[in-house]
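Thank you all for coming.

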Amino acid sequence: MGKYILWLHEMGMDDVDKVGGKNASLGEMIRNLGSLGVQVPGGFATTAEAYREFLSADGLDDRIHQALARLDVDDVGALAETGGQIRRWIMETPFPAALDQAISEAYLTLEQQYGGNVSWAVRSSATAEDLPDASFAGQQETFLNVAGLENVRRAIHEVFSSLFNDRAIAYRVHQGFKHEQVALSAGIQKMIRSDIGASGVMFTLDTESGFRDVVFITASYGLGEMVVQGAVNPDEFYVHKPTLAAGRPAIVRRNLGGKAIKMVYDSTGPNPVKTIGVDDAERILYSITDAEVEELARQALTIEKHYQRPMDIEWARDGMDGRLYIVQARPETVQSRSGRVIERYELKAKGEVLTEGRSIGSRIGAGTAKVIMSLEDMDKVQPGDVLVTDMTDPDWEPIMKRAAAIVTNRGGRTCHAAIIARELGVPAVVGCNDATQKIADGVEVTVSCAQGDTGFIYAGRLAFEHRLIELERMPAIRTKIMMNVGNPDRAFDFTSTPNAGIGLARLEFVINNMIGIHPKALLEYEQLPEDLQQEIAPLIAAYPGPVEFYVAKIAEGVSTLAAAFAPNPVIVRMSDFKSNEYANLIGGDRYEPEEENPMIGFRGAARYISEDFRACWELECRALKYVREEMGLNNVEIMIPFVRTLDEAREVVQALAENGLRRGEQGLRLIMMCELPSNAVLAAEFLEYFDGFSIGSNDMTQLTLGLDRDSSLVAHRFDERDPAVKKMLSMAISACNAQQKYIGICGQGPSDHPDLAKWLLDQGITSISLNPDSVIDTWLFMAGEGTR
């Protein structure tokens, strides 16, 4: 049996040449990681020798090689015809008698081990598969819920033929692998009953940025093929590795997926599996629990530690025994090869948004949209076009490599379209739901993945900028450069830019984009009109209650930023919405006053300590306390905006202490936004309550010069470099330095005017917080190595 069959528990990574990377990896984990909590279903695999002996029968291998030698893989039609012919030859060729007997004996042994009422997964494993610099993932076939010896035999036949899928043929040519050097092994494993449970994919890094301190997990109901193929938009979770290792709550981000369909067993139809809809009541809930997310992350870290490299892992939860199983593990092959170069894309124009979805990568592409619903129309996609379709599978690869960008209705960040887009280095927006309806065939479009987690498809070809920045060396300068980051979606990406932390994390971005509901509407949810309750209910359903939703989403946003930039400080400014901005949140118009000039109205510290809003603000305090104390991310510091008077300063600091955020405890620093003339004039007195200032140059300029920067009549007078404004800034800087307290600036000024940044440096400022896109240029300018 050993010539043709090996048991998974007998093999390891030294057997890749015998059973391929996928099967060898399964055996490696069973042998070495089972005692460490990594659970892998058992089974057996056919060998590469068995595959080659099968192909040698009746000269089948010679016919295949001759057909491939004549093939131009860039001719899509010829590729489809040749691949189809080879697959038919393989299916028509019977197994040699010795191989057939070995399969039968191994199958009967499995039945004796697990019982007769079990079905099997039959998976492909190429001998050149899952090597560090090659990804054959998804190219060959997988068959699920295969019952009975005859069906297993046929599935193995199908697996062998799938080495000659169109995409697999093209990939080998493009990657320089000779066809005859790659053999195939079929792995036969006990099926995990995720059809009545859940399944997904996880990576031991962030797939978009390459950030190494998180585990990224996707999950959906039913068998995992729906997630892998991109047929479903799954739930997504990020787990912070150091926090998990410390035994603390470690989930820093949750994104609720649509999960519209799932694949389950079918005992009545001609196929062993079928796709059905998911009940609406289940769709608005997460498909796995927080405890399961963290257990999966622990298994992922065990696997990563063993292999000593980032890993791409498929998992399944058995709905019968409730246990979590690993069904595949392979090296991550895209981000782990990234070098020390920052690539930045930036839109330079605005346009109509046609649709949006999940962004893959951070690039921008533009071209003529080709809406393709069938591979029969693949010839319509020309080099430089934008491919728009429902979803992709391995047969789409030849036309995907022509595209300037890819857009799909379905799929998440680990779907087939996302994986191939990363490999090809093209922007992709997946899971749009309506792309094929909203984008007309033949129109010019721009696909932007440069704006965070959400990717946008714009009408027309919009101008954009593309820059490559080498980061091997950054010159020394006399101050710390921090960043202004409000969007947690971009946090992991921005960590690759040299920085000393976040000087301004805007909480209002989290509230507006991750919550979207007025906090008082959540506090008073039971008293809301029925129509408003119905609008809010699906948004909060995945959380224990309305208030818990609000606190959890703030905690997720803040902890994502804190985890990304740890151990550097992350200065979180508590919400600084004006009344008109709060009114735009769901339910906000019920609670917010109409003010003539909200800019200098009910905002900042005065709002926090008011009877009308204090309970809302205390929810922010709960979230920040959780992040610092429960999650242990005590690099989070707190900044209070728009403190008009010393009385407000005293009262807000006392209110923070009453909510468990006492200055100095567990290293907590309280920073005040210095953005009013009163803050500069009484700088020494305000510093009695705070550990430093962060200058808000926008409001300081407006209020010092007495102008509204949003008014076209006077906006041209707005300049942070005005002598009166500089006088205010100088007073604040001097007061902080005299008391040896933190003094930074987080306003727009230094990002727009490097000469102002240099002046601040001469004044003795200790940190300058810049917009991420201006960090490199401003840094080099301040070091005397750049000009702007």
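I will talk about a sheet and its helix, then a surface patch, and then some salt bridges.

Please keep in mind throughout that this is a predicted model. Let me begin with the open sheet, in which 5 strands follow the order β1-β2-β5-β3-β4 with antiparallel pairing. Because β1, residues 5-7, and β4, residues 142-146, each have a single partner strand, they stand at the edges, and one side of each is left without a neighbour in the sheet. On average, and ignoring direction, neighbouring strands here are turned by 20° against each other. Within this sheet, β3 (residues 120-126) and β5 (residues 184-190) are paired over 7 bridges, and Ala-126 stands opposite Leu-184 in β5. Across β1, β2, β3 and β5 lies helix α1, residues 16-33, which runs at about 130° to β3.

Leu-285, which sits in the loop between α10 and α11, is partly exposed, with a relative accessible area of 35%.

Finally, how many salt bridges does a search of the whole structure find? The search finds 46. One of them joins Arg-330 to Asp-312, with the closest N and O atoms 3.2 Å apart; since Arg-330 lies in strand β13 and Asp-312 in strand β12, the pair ties together parts that are 18 residues apart in sequence. Both Arg-330 and Asp-312 are buried. There is also a network of salt bridges, which links Glu-236, Arg-358, Arg-413 and Asp-453.

Methods. Residues are numbered from 1 along each chain as its sequence is written. This is a predicted model: local features need pLDDT of at least 70, side-chain atom pairs count only at pLDDT 80 or more; totals for chains, interfaces and linings use all residues. Side-chain values use heavy atoms; hydrogens and water are left out. Two strands pair if DSSP finds at least two bridges between them. Helices (H or I, at least four residues) and strands (E, at least two) are DSSP runs, numbered from the N terminus. Axes are lines fitted to C-alpha atoms, for helices over the stretch in contact, and angles run from 0 to 180 degrees between N-to-C directions. Contact means heavy atoms within 4.5 Å. Buried means under 20% relative accessible area, exposed over 50%, partly exposed in between (1.4 Å probe, protein chains only). A salt bridge is a side-chain nitrogen of Lys or Arg within 4 Å of a carboxyl oxygen of Asp or Glu.
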